[in-house]
Amino acid sequence: MVVPTHRRPAMLEGALRSALAQTLTDLEVVVCVDGEDPEGVRVARSFEDPRLRVLADGTARGEALNTLRGIEGSTSPYFAVLHDDDEWEPEMLARLVPPLQADPALAVAFGDHWLMGPDGDVLARESEENSRRYGRDRLDPGAHRPFHRLTLVQQAVPAVMTSVFRRSAVRFDDLARELPANFDYWLAWLAARSGGGAHYVPRRLSRYRVHAGQGTCTARPSWARAEVAMMTRLLSEPGLQDLRPELARRLAAAHRQDALHRHRAGEPRAWRGALRSLRARPSAKGVAALGLTCLPPPVLERVGRALSR
């Protein structure tokens, strides 16, 4: 199991405690410390558990490559990712590993999760809303084959939170190393592309921390650019013809967001992204984004927020 971390020693301690407290005890925990983070290294090594290894060479790789480093460095036939600001329930692995052992055709087993606030308090109402948003509240338990739509459109598989993958189902040379963000989405897609199934366990098996410092709150420009790259690649994938309308919509939205982010940053010719949005899927929002990229950035900041969602 892989725990990527970067300068969150207090949260990392909670994540590692939850990983090492699993009722399924036959596991390895690979902690990947990104960049210079002496406190993170200290916290990880303080556990003195023979099941835990620490990879720390001071190199800043970024979230995706740091996570991939840990996955490639693990030795189990299965792997899971636990971010340093999240935590697992004690039975997470005990619930998700057995389905993979019982059915060699499964690529991944996954469950639902809680949302928790910065202080670790569970957010019950928000958790229910989140389950409804991704359709896990009405998802049948057991195996789903194929699960392309479940992953690419519904995004129901929480890849770096409440999922265990079969190592042989993921082609690591296709893990989109150049993408600065959205690593979890691409990982789930590679599992779906393998042709195997996804087994759903309808239980909340982890806790996802919502706080201002998380990547989804701080990496919006890189997220948009990664989304453009991924949707472009997915639209060229054979076998996804029935998903093309949804993928084209996401590509158009990503081009629109990318154009607005670039314009705010003062990049010349940011309007080209808005044109690409219109080519991918003509829309009123695309036309509006094209107009906004002709405005001074301060004006854009006041009126363009709704279009960048």
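Biologist: Cys 294 first: is this residue buried or exposed?
Modeller: Cys 294 is exposed, because its relative accessible area is 62%; exposed means over 50%, buried means under 20%, and partly exposed is in between, with a 1.4 Å probe and protein chains only. Please note that this is a predicted model, in which local features need pLDDT of at least 70 and side-chain atom pairs count only at pLDDT 80 or more, while totals for chains, interfaces and linings use all residues. Residues are numbered from 1 along each chain as its sequence is written, and side-chain values use heavy atoms, leaving out hydrogens and water.

Biologist: And Cys 32, buried or exposed?
Modeller: Cys 32 is buried, since its relative accessible area is 0%.

Biologist: How many disulfides does the structure hold?
Modeller: The structure holds zero disulfides, a disulfide being a pair of cysteine sulfur atoms within 2.5 Å.

Biologist: New topic. How many residues has the largest nonpolar core?
Modeller: The largest nonpolar core has 45 residues, and Phe 147, Phe 165, Trp 189, Leu 234 and Leu 247 have the most contacts inside it. Such a core is a set of buried Ala, Val, Leu, Ile, Met, Phe, Trp, Tyr and Cys residues joined through side-chain atoms within 4.5 Å.

Biologist: Which helix gives the most to this core?
Modeller: Helix 7 does, with nine residues. Helices (H or I, at least four residues) and strands (E, at least two) are DSSP runs, numbered from the N terminus.

Biologist: What does Leu 247 touch?
Modeller: Setting aside residues up to four places away in sequence, Leu 247 touches Tyr 185, Met 231, Leu 234, Leu 235 and Leu 240. Contact here means heavy atoms within 4.5 Å.

Biologist: What lies apart from that core?
Modeller: Another core, of 30 residues, lies apart from it, and its members include Leu 20, Val 43, Leu 52 and Leu 96.

Biologist: Let us turn to helix 9. Which residues in helix 9 are buried?
Modeller: Ala 224, Ala 226, Glu 227, Val 228, Met 230, Met 231, Leu 234 and Leu 235 are buried in helix 9. Their cover includes helix 6, helix 7 and helix 10. In general, an α-helix has 3.6 residues a turn, so residues three or four places apart point the same way.

Biologist: What span should helix 9 have?
Modeller: At 1.5 Å a residue, its 16 residues should span 22 Å, and this agrees with the 22 Å between its end C-alpha atoms. The expected span is 1.5 Å times one less than the number of residues.

Biologist: How many aromatic pairs are there?
Modeller: The count comes to two aromatic pairs. Rings of Phe, Tyr and Trp (its six-membered ring) pair if their centres lie within 6.5 Å; planes under 30 degrees apart count as stacked, over 60 as edge-to-face and the rest as tilted. The rings of Phe 79 and Phe 165 are stacked, because their centres are 5.3 Å apart and their planes are at 15°. Phe 79 belongs to strand 4 and Phe 165 to strand 8, 86 residues apart.

Biologist: What about Phe 110 and Tyr 200?
Modeller: Phe 110 and Tyr 200 form a tilted pair, at 5.0 Å centre to centre with 35° between the planes. Phe 110 is in strand 6 and Tyr 200 in strand 9, so this pair ties together parts 90 residues apart in sequence. Both Phe 110 and Tyr 200 are buried.

Biologist: Lastly, which residues is Ala 280 in contact with?
Modeller: Neighbours within four places in sequence aside, Ala 280 is in contact with Ala 248, Leu 251 and Ala 252. Ala 280 counts as partly exposed because its relative accessibility is 24%.
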